[in-house]
Amino acid sequence: MSGEHPLMKREKRTVKVMINIYCKAHHECGGKLCVECNELLEYAEKRLDKCPFQEKKTPCGICSIHCYKKSMRERIRVVMRYAGPRMLLRHPVLTFHHVLKRLRRNKKGRNK
Ligand SMILES: [Zn+2]
């Protein structure tokens with residue numbers, strides 16, 4: 001997609017990296033994503049394309065809308081829980097932005 005905001009590109013890259021980490025650890029697919037994980041990735045990217053917040057969005061895991069359908073939400077949650085801490089080692093920059101957004105949001109919540 002052309003003209004996509006850099007933040008949205010980064011968000012897609014983050015999700016892709018996370019699913020890759022998870023798939024590599026759990027499924028034997030010879031270095032590429034298995035059918036199920038690929039389906040999940042495509043779904044996640046589609047949700048990002050349709051996200052009403054776009055570049056102002058929070059990480060999907062803490063988003064208030066929860067646009068994922070239930071079965072996909074469960075799957076992406078498992079992936080993120082597993083891959084999140086491991087991202088920190090492999091992709092510190094991607095993870096850093098993710099965590100930073102989370103911290104900002106938590107702060108706001110506490111001041112309420
Ligand atoms: Zn897989």
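Why does Glu4 count as buried? The relative accessibility of Glu4 is 14%, and Glu4 therefore counts as buried, the term denoting under 20% relative accessible area, with exposed meaning over 50% and partly exposed the range in between (1.4 Å probe, protein chains only). The structure is a predicted model, in which local features need pLDDT of at least 70 and side-chain atom pairs count only at pLDDT 80 or more, while totals for chains, interfaces and linings use all residues. Residues are numbered from 1 along each chain as its sequence is written, and side-chain values use heavy atoms, with hydrogens and water left out.

The protein contains four helices and zero strands, in the order α-α-α-α along the sequence. Helices (H or I, at least four residues) and strands (E, at least two) are DSSP runs, numbered from the N terminus. Of the 112 residues, 36% count as buried. Among contacts (heavy atoms within 4.5 Å) between residues at least 6 apart in sequence, 71% join residues at least 24 apart.

Buried positions of H1 include Glu11, Lys12, Val15, Ile19 and Cys23. The largest nonpolar core has 21 residues, with Val15, Ile19 and Ile76 making the most contacts inside it. Such a core is a set of buried Ala, Val, Leu, Ile, Met, Phe, Trp, Tyr and Cys residues joined through side-chain atoms within 4.5 Å. Two or more residues of this core come from each of H1, helix H2 (35–50) and helix H3 (70–90), and H1 supplies the largest share, seven residues. Beyond its neighbours within four places in sequence, Ile19 is in contact with Leu33, Cys37, Leu40, Leu41, Ile76 and Val79.

A zinc ion is coordinated by Cys23 (SG), His27 (ND1), Cys34 (SG) and Cys37 (SG) at 1.9 to 2.3 Å. Donors are N, O and S atoms within 2.8 Å of the metal (3.2 Å for Na, K and Ca); water is not among the atoms, so sites may look incomplete. The arrangement is tetrahedral because the four donor atoms subtend angles of 102 to 117°. For four donors, that class requires all angles to lie between 85 and 135 degrees. The donor residues follow the spacing C-x3-H-x6-C-x2-C. Cys23 in helix H1 and Cys34 in the loop between H1 and H2 are 11 residues apart, and the pair links distant parts of the chain. Both Cys23 and Cys34 are buried.

Six salt bridges are present, each defined by a side-chain nitrogen of Lys or Arg within 4 Å of a carboxyl oxygen of Asp or Glu. Glu11 pairs with Lys57, with the closest N and O atoms 3.2 Å apart. Because Glu11 lies in helix H1 and Lys57 in the loop between H2 and H3, this pair ties together parts that are 46 residues apart in sequence. Glu11 and Lys57 are both buried.

Lys12, buried at 14% relative accessibility, forms a salt bridge with Glu4 (2.8 Å, N to O). Lys12 also forms a salt bridge with Asp49, the closest N and O atoms being 2.7 Å apart. Lys12 belongs to helix H1 and Asp49 to helix H2, so this pair ties together parts 37 residues apart in sequence. Asp49 is partly exposed, with a relative accessible area of 33%. Through shared partners, salt bridges join Glu4, Lys12 and Asp49 into one network.

How values were computed:
Four donors count as tetrahedral if all angles lie between 85 and 135 degrees; four count as square planar and six as octahedral if opposite donors are over 155 degrees apart and all others between 65 and 115; anything else is irregular.
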